Number of protein chains: 2
Amino acid sequence: MANINQHYTELQGSYLFSEIAKRRTAFTKENPEASIISLGIGDVTRGLPQAVVNAMHAAVDEMAEPGSFRGYGPEQGYDFLIDAIIAGDYKSRGIEIGTNEVFVSDGSKCDVGNIQEIFSQNSSVAVQDPVYPVYVDTNVMAGRSGTFNKETNRYTNMTYLPSSAENGFKPSLPDRKVDLIYLCYPNNPTGMTLTKDELKKWVDYAKANDSIILYDSAYEAYIQEEDVPHSIYEIEGAKEVAIEFRSFSKTAGFTGVRCAYTVVPRELKAFDEAGKEYHVNDLWNRRHSTKFNGVSYVTQRGAAAIYSSEGKAQIAELVSYYMTNAAIIRDGLKSIGLDVFGGVNAPYIWLKTPRGLDSWAFFDKLLSEAHIVGTPGVGFGQSGQGYFRLTAFGSRENTEAAVERIRKLTL
Amino acid sequence: MANINQHYTELQGSYLFSEIAKRRTAFTKENPEASIISLGIGDVTRGLPQAVVNAMHAAVDEMAEPGSFRGYGPEQGYDFLIDAIIAGDYKSRGIEIGTNEVFVSDGSKCDVGNIQEIFSQNSSVAVQDPVYPVYVDTNVMAGRSGTFNKETNRYTNMTYLPSSAENGFKPSLPDRKVDLIYLCYPNNPTGMTLTKDELKKWVDYAKANDSIILYDSAYEAYIQEEDVPHSIYEIEGAKEVAIEFRSFSKTAGFTGVRCAYTVVPRELKAFDEAGKEYHVNDLWNRRHSTKFNGVSYVTQRGAAAIYSSEGKAQIAELVSYYMTNAAIIRDGLKSIGLDVFGGVNAPYIWLKTPRGLDSWAFFDKLLSEAHIVGTPGVGFGQSGQGYFRLTAFGSRENTEAAVERIRKLTL
């Protein structure tokens, strides 16, 4: 008899965005004339950079002719893209990364979701709270989470690292030994970052405890401040303890194009039951080449174009557009006395709801009184209760209009 | 301490294609003047159909402008593609498939590799032998295979279903109850198929034993004969027992573009430990939306163009080109007395090596005497020993030259 993966029964409903959609639909039905502005979903809205567009057109033409057609490529990605990544994102910052340490994929969501597979089912796992739900859900599916406690809104076997205004959104190190630690900086949803010194504490913890850090830096391109590390490998010794995930989704508007990469240094080791050492790089390479077949050639050509001088200028412009939105939201909300976080090195603004409203109550208020959809912080975890996320990915016009509407509210 | 997934230690080296490359390199070094023809790897070589090229160009242009830009799409695929798939591949054959039963992905390799995740780790698994290695390796990674026995060239806990000339490449039903059965028709590597009546036996077995059939029909477009089913759902009741995998890789030259789909009927059920029934469709939907983020919009537009009348005509031409190659190889080898299989409803020719040569000895003979690279059958499993695979995906010119060279050999 075909039995299911029993761990799937521990998954909680993917409640957040469906609940948002439900409340929005109900409101629109009652108020068909309301013009709703969504600053809810973390998805870009500008067009692809022209350098990317040109490169993709050229690649499509290559694919049309037998002489230049490309069939199966290397599962790990084409050298032209890997070389551009290494030169543009690492060598330029003084970090040496080898060609065989970069794995091109169709998205960071896939990579951060799949990475746990190569580790033991008995691994103990720490996640920030609030957090991107994929880190948790994929460990639930693998049987590492324990059961869900509805009282605490948490799984019994996961280690949660709370971040809130109280600790400046800089979670404490785990109070127990954990094997795998998911860190996301610049952070989604809070938009907050760590300095090099602060990140070094995590690398030191991982070294002392033989832990592995799974470092998601999908929003790296939005970093503006000097002392914020662009890569965890800027921290000495991080290659021995960290895997880094990067994405072109937010850097270059690739959410609908699908390209990302993961760096797994050769220095990173893990152990089998007998204590024998393995290169984590070899395990990931085996996983990647067995269950994945490479990214579209057309997409990889588009991604490589981001590293041309034309491409670099265009993505700087894109990032600047969204970060101007972020400043507009941040300054607008501050001006009416709200406690606002993020939005400086990330396209997310994380605000403390006024008068201790819970996240969903604030959602309803914003929707009904200002016709704005955002994301309730509690949807990202219990420590997000009483917070609310707005994104800077809208058009300038909508962003300005949304801030005007919020300024007129009685909070 | 970070421990690895211990099951990975049971994986065998991915020996086949690296060993082929090694022997080819060694030969070329000794014989730099030799002009080698490869009929080894199952990868297409013609350009993309013009309808696909046009659709991809148009989609790239849409992505360049904010007004028509597409960010994150539905993880399951856009309706314009799903509707085209249902109309073109199912409704046209009298099969009703619902929109929520089709999951668009970036490749069948990914889908057939990932599908096992939603089932219990204790599931018993049957595979054809010879077989596409991904079915086996992904179950090894999940801990279902037992240990590898070097004497038998097989894993202890897998059920192998041998196909060879002796049984007309139609494996017997398993002699024990199995939970999951991977079937691939038209078959890679043998190029052989089943009739509707023969496939019905598998559906009946699955019904009687509460098994689930994982039906890989990546080569469906190559079917020429009347009585060969294009979909397992042509068999009555198959929706209750089968998941079907389809790919655009070989249908439309998408090996470097990456698009495929999987059908998981709502009728298909599996059970938790307490015997409670679940829709397998819900589990796959959860897996797909948690660990995957949809296929490139540009790619999906290209795939949808295959179903236009222009696209249909162009892929018919592509398939005809390769199938003419298949006939040239098949007829050529037959004319010199070789036992040849496949090549009628599939782009693979599976030949019995002359004089009982083992697969690798025949590989060496073909390489050294005819300068042709093919694939040793034993690389696909023990029952492939004494067989050899040639593919019809080369250019016409190379295919004809290769056959001429083989005809001149002393076999």
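This is a predicted model: local features need pLDDT of at least 70, side-chain atom pairs count only at pLDDT 80 or more; totals for chains, interfaces and linings use all residues.
In one of them B:R286 is paired with A:D137, and the closest N and O atoms are 3.2 Å apart. Polar contacts were also counted across the interface of chain B and chain A, and the rule finds 43 residue pairs, both residues being at pLDDT 80 or more.

Several elements of chain B each supply at least two residues of the side that touches chain A, among them α2 (50-64), α5 (133-141), β11 (269-271) and α8 (280-291). The element that gives the most is α2(B), with seven residues. By residue class, the side of chain B that touches chain A divides into 30 nonpolar, 29 polar and 20 charged residues.

In total, 79 residues of chain B are in contact with 79 residues of chain A. The area buried between the two chains is about 6,700 Å², and carbon and sulfur atoms give 57% of this area. The residues of chain B that lose the most area to chain A are B:M1, B:Y72 and B:R286, which together account for 11% of what that side buries.

The arrangement of the two copies was then examined.

Within chain A, two domains are assigned: domain 1 (12-47 + 310-407) and domain 2 (52-307). Their C-alpha centres lie 26 Å apart. Contact between the domains of chain A involves 30 residues of domain 1 and 40 residues of domain 2. About 2,800 Å² is buried between them, 58% of it given by carbon and sulfur atoms. On the side of domain 1 of chain A, A:Q12, A:N345 and A:F380 lose the most area to domain 2, together 24% of what that side buries.

The count of salt bridges between domain 1 and domain 2 of chain A is zero, whereas the rule finds 14 residue pairs in polar contact across this interface. With eight residues, α9(A) gives the most to the side of domain 1 that touches domain 2. The residues of this side of domain 1 of chain A divide into 16 nonpolar, 10 polar and four charged.

How values were computed
Residues are numbered from 1 along each chain as its sequence is written. Chains are lettered from A and ligands numbered from 1 in the order in which they are written. Side-chain values use heavy atoms; hydrogens and water are left out. Domain bounds come from an automatic or database domain assignment. Contact means heavy atoms within 4.5 Å. Buried area is the accessible area (1.4 Å probe) that two parts lose on being put together, summed over both. A salt bridge is a side-chain nitrogen of Lys or Arg within 4 Å of a carboxyl oxygen of Asp or Glu. A polar contact is a pair of N or O atoms within 3.5 Å; within protein, one must be able to donate a hydrogen and the other to accept it, and residues adjacent in sequence count only if both atoms are side-chain atoms. Helices (H or I, at least four residues) and strands (E, at least two) are DSSP runs, numbered from the N terminus. Ala, Val, Leu, Ile, Met, Phe, Trp, Tyr, Cys and Pro count as nonpolar, Asp, Glu, Lys and Arg as charged, and the others, Gly among them, as polar.
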